[in-house]
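This report goes through selected local features of one structure, taking charged surface and paired side chains together with backbone geometry. Please read it alongside the sequence and the coordinates.

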Amino acid sequence: MSQEMSILNDLNPEETTEWIEALDAVLREEGPERAHFLIEQLVAYSRQSGINLPYKANTAYLNTIPPEKEAKSPGDAEIERRLRSYIRWNAMAMVQNANTRNPELGGHIATFASSATLYDVGFNHFFHARSKDHGGDLVYFQGHASPGIYARAFLEGRLQPEQLQRFRREIGEKGLSSYPHPWLMPDFWQFPTVSMGLGPIMAIYQARFTRYLHNRGILNTDKRKIWAFLGDGEMDEPESKGALAMAGREKLDNLIFVVNCNLQRLDGPVRGDGKIIQELESDFRGAGWNVIKVVWGSYWDPLLARDTKGLLRKRMEEVVDGDYQNYKAKDGAYVREHFFGAYPELLEMVANMSDEDIWRLNRGGHDPHKVYAAYHQAMQHTGQPTVILAKTVKGYGMGHAGEGLNITHQKKKMDIKAVKQFRDRFNIPLTDEQLSEEVPFYKPEPDSPEMIYLHERRKALGGYLPVREQHAPLLQIPGLSLFDTVLKGSGEHALSTTMVFMRILSVLLRNQKLGKYLVPIVPDEARTFGMDGLFQQYGIYSAIGQLFEPQDAGQMAWYREDIKGQVLEEGINEAGAVCSWIAAATAYANHGIQMIPFYIYYSMFGFQRVGDLMWAAGDMQARGFLMGGTAGRTTLAGEGLQHQDGHSQLLQSAIPNCVSYDPAYGYELAVIIHDGLRRMYQEGEAVFYYITVMNEDYVQPAMPANVESGILKGIYRLNKDRGKSQVQLLGSGTIMREVIAAADLLKNEFDIQADIWSVTSYSELRREGLSVERWNRLHPTKKPNISYVEKCLSSTEGPIVAASDYMKIVADQIRPFIHKRYTVLGTDGYGRSDTRAALRDFFEVNRFHIVVTALKTLADEGVITMKVVEQAIKQYSIDPEKAEPTTV
Amino acid sequence: MSTEQTIKIPDLGDVDTVDVVEILTEPGQSVAEGAPLLTLENQKTAMELPAPVNGVIKNILVSLGDKVSAGTDVVIIEAEDAEQPKPENTAEPKPPEPEQQKSASAAPAQTAAQRPAADTSATTS
């Protein structure tokens, strides 16, 4: 404490003044660059001399770019202002009208009101569309600002008034989705951003992936920028800031964040007692970003120029965000009294200004000149990503209906008085009579200077945005024989499906046509999955190559980094890794090229940990493979409760376009991956795959004849001969082998013949079953269809028993389509560490439990007596009073 | 003058032996440095043995299913003279296909990363 005090206290003011005067002379005579240099030298010398000088990442609460250094916009400011006003108006009208007709629809006026200028300057001067000589910028629009983006597309003629009237009414006629959703508007939106925090992290990994494509020589991505528009409240999401350091480390100067600092989150101020801009400045700078603050608008410039004593600057520093917000909810007189009134000299400074003049003192983010200068500098900056922290007013222009009010985020409707004020403030040429409950949209005549300007600007920037194009050429996938080495089985060699997957991956990587499109992604678990062999052969992507000699240099599987490396080794970082996967899996829409990403990870840390990003991937119609490694609650054995996954095969089923499989054998895996390649990259289907692979070693059989179709549909019979079977056993994944062992026991010890079925996908069977059931329901007089699973099982003999390494509900998915006794075994409950055998006994999915279950169902049907069942329980030393696995 | 080299299995780290599960080349084939020659696998990992130099495969000394360990002789390659152009048959990514050409035409030039040196013993032929 005392040391801090001595740093802060001025022990010798006279000496201090001398130093400052010296610096002042340099500033005057030689300019700020020289002054900066000298200070850096002094700091460096101090550090060398042993003074601990902690880094201070904040600059003054002023614009980073001084007025004399601002690049001037070449645009017509007056026309741009008018266009921006019309866009503001139509955005407001869209939300207003939707809620006049249907108050339940909701919507947001205030977010776009605060960010209209930030977008407009981008649209008029910076955002480049995909065109002949430009790959296209990728813009992540803030989700809640969607009405403003629609309003611009309406002026551009890309959306019709009928569509604007159907904002948030998407069913039936063509409407507009509430937020950016490529699934719902596949020709318009590219990036779903409204789940807070996903936009920023996806944008960072998109920028990185764009570089990866470039460095690997696959695409020239020079000139392309990734813009992400975010909210200051949104920056509180861990995902928003979690990957900032990566962007700094990889020097992603193709990335520009624009944080709309309107100081308000949903419930109130973001940092009422502090300053969000200052906090974010130090966060970003610490992570290696170029920070451009746009705090004050041009009207402040003359005042700051007259602030020779620094009192205005002092006042700017000491006021907290809660007050700044409040000023804008009040009026000029209030600002005079409460802001300038703190010091008589400041009151004097504004004495000649009217209250209106004071009210007009604008925030940087509402000043197109300041915003232009910031964007211009961001475009020029090299070697770092840039963040622009723009101070704005939430609900700008909404007046008493929302401007700066705590309730403004939820505001979906303004009263007529506020609507008229809004019209007057932005000079919308509509009369009182034209304004009723229904607020008309306004669009100038096509030959008006505004419209001509609007189209000219976009033409100069290559076309209109946002637009989602699916122009990537489809790939030709070779026949299944590509995977012959896998299809022929492993002989006597025991290996896990994870290793089979590695073989499949190697075959694909080696393939002359497909190899270069592959993107293997792993979150620091490559050795777990046996992927380390890829390091030397395909290289780990590193933006700067490899500057060190790796410890294992000279070994066969050495740790090789390369700027052309193909493997994305993401570190312990599932959120980032899945964002890389998303960028690659949507490259067909955003880069015009189909990449084939395989993301392999601990299955427990997938849907459970980053499920919202996977949901977003579904929305974006990602095409790629998610490989859930070391899957299965009893198969991972020793790792215990946090690692043993018994439910990812359930969680995936929530995503409608996620196709999922739990294969038991290598050939099943090969058939599934092959068909996935065909469906996604040859046919261009909007699906992605989730496949679990396990780490248990066993002999992989050769593929029997005529099973491909069953593997893909989700079930096929494994036993060749179909004798007089009395019971049907269903198995999947590693538990398949317990099912086969159970069938042997039933035959050898109870003389009961069982059919054995391999179920590769309960969720695919269920989806098809539900679809058939629905069709039958809606076509009651037509001949009913029969689902595939019903076709397979209805003609079989005896009851059915299923076992898997997942929760019982996974196998239960097909129950509605089975009109027989159906009993399911699964691994409900928390995992724990032990051997596979002990775990399978504990969770009651081993061969003995399968036998007992089969016997019980047969006894229920009267085929055998209950005595036989009881005897089996004894024989296999099963404790009937054993605690239920879900309770311990 | 060309040089015949016997390619040996390099240091396998903490792995003792691996199985030869795929042979990806044949005698007489021209290969580029880095092109995969064999796939080696054990229960924990799989890896490809790359060609250490541009050259022509003279002989393959192992069969499918063989167990090999560090130092095992596996392939004899006749190394090409350094001045000769690289053969086409390589595992290197090829330039983008025509359909992607418009955006790929100015793909950046990168210095090729150093390929791992497989353990070789050279004899002059």
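Asp10(A) is placed in the loop of chain A that runs between helix H1 (2-8) and helix H2 (13-30). The model is a predicted one, and in it Asp10(A) has a relative accessibility of 44%, so that this residue counts as partly exposed. On the surface, Asp10(A) gathers with Glu14(A), Glu15(A), Glu18(A) and Glu21(A) in a patch of negative charge.

Leaving aside residues up to four places away in sequence, Asn90(A) touches Ala151(A), Phe154(A), Leu155(A), Phe441(A) and Tyr442(A).

**Salt bridges**

Side chains of opposite charge can pair when their charged atoms come close.

| Residue | Partner | N to O distance |
|---|---|---|
| Glu279(A) | Lys241(A) | 3.9 Å |
| Arg510(A) | Glu48(B) | 2.6 Å |
| Arg836(A) | Glu696(A) | 4.0 Å |

Glu279(A) forms a salt bridge with Lys241(A). Because Glu279(A) lies in helix H11 (residues 276-286) of chain A and Lys241(A) in helix H9 (residues 238-242) of chain A, the pair ties together parts that are 38 residues apart in sequence. Glu279(A), at 28% relative accessibility, counts as partly exposed, and Lys241(A), at 26%, counts as partly exposed as well.

The side chains of Arg510(A) and Glu48(B) also meet in a salt bridge. This pair crosses between chains, reaching from Arg510(A) in helix H22 (residues 497-510) of chain A to Glu48(B) in strand E5 (residues 46-50) of chain B. Both Arg510(A) and Glu48(B) are buried.

In the salt bridge between Arg836(A) and Glu696(A), the pair links distant parts of the chain, 140 residues apart: Arg836(A) is in helix H34 (residues 836-842) of chain A, whereas Glu696(A) is in the loop between strand E14 (688-692) and strand E15 (698-699) of chain A. Arg836(A) counts as partly exposed at 25% relative accessibility, while Glu696(A), at 8%, counts as buried. Elsewhere, salt bridges that share partners join Asp236(A), Lys241(A), Arg265(A), Arg271(A), Glu279(A) and Asp283(A) into one network, and the pair of Glu279(A) and Lys241(A) described above has both its residues in that network.

**Backbone geometry**

The peptide bond that leads from Leu465(A) to Pro466(A) is cis, its omega being near -10 degrees. Pro466(A) is found in the loop of chain A between helix H20 (449-460) and helix H21 (484-487).

Glu844(A) is a residue other than glycine with a positive phi, near 65 degrees, and is located in the loop between H34 and helix H35 (847-860) of chain A. With a relative accessible area of 24%, Glu844(A) is partly exposed. Ser877(A), again a residue other than glycine, has a positive phi near 55 degrees and is found in the segment after helix H36 (866-875) of chain A. Its relative accessible area is 66%, so Ser877(A) is exposed.

Note on methods. Residues numbered from 1 in each chain as written. Chains lettered and ligands numbered in written order. Predicted model: local features only at pLDDT ≥ 70, side-chain atom pairs only at ≥ 80, totals over all residues. Heavy atoms only, no water. Patch = residues over 30% accessible without salt bridge, like charges linked within 9 Å, V, L, I, M, F, W, Y side chains within 5 Å. Areas by Shrake-Rupley, 256 points an atom, 1.4 Å probe, with all protein chains shown as cover. Lys, Arg positive; Asp, Glu negative; His and termini not counted. Charge placed at Lys NZ, Arg CZ, Asp CG, Glu CD. Helix = DSSP H or I, 4+ residues; strand = E, 2+ residues; numbered from the N terminus. Buried < 20%, exposed > 50% of the residue type's maximum accessible area, 1.4 Å probe, protein only. Contact = heavy atoms within 4.5 Å.
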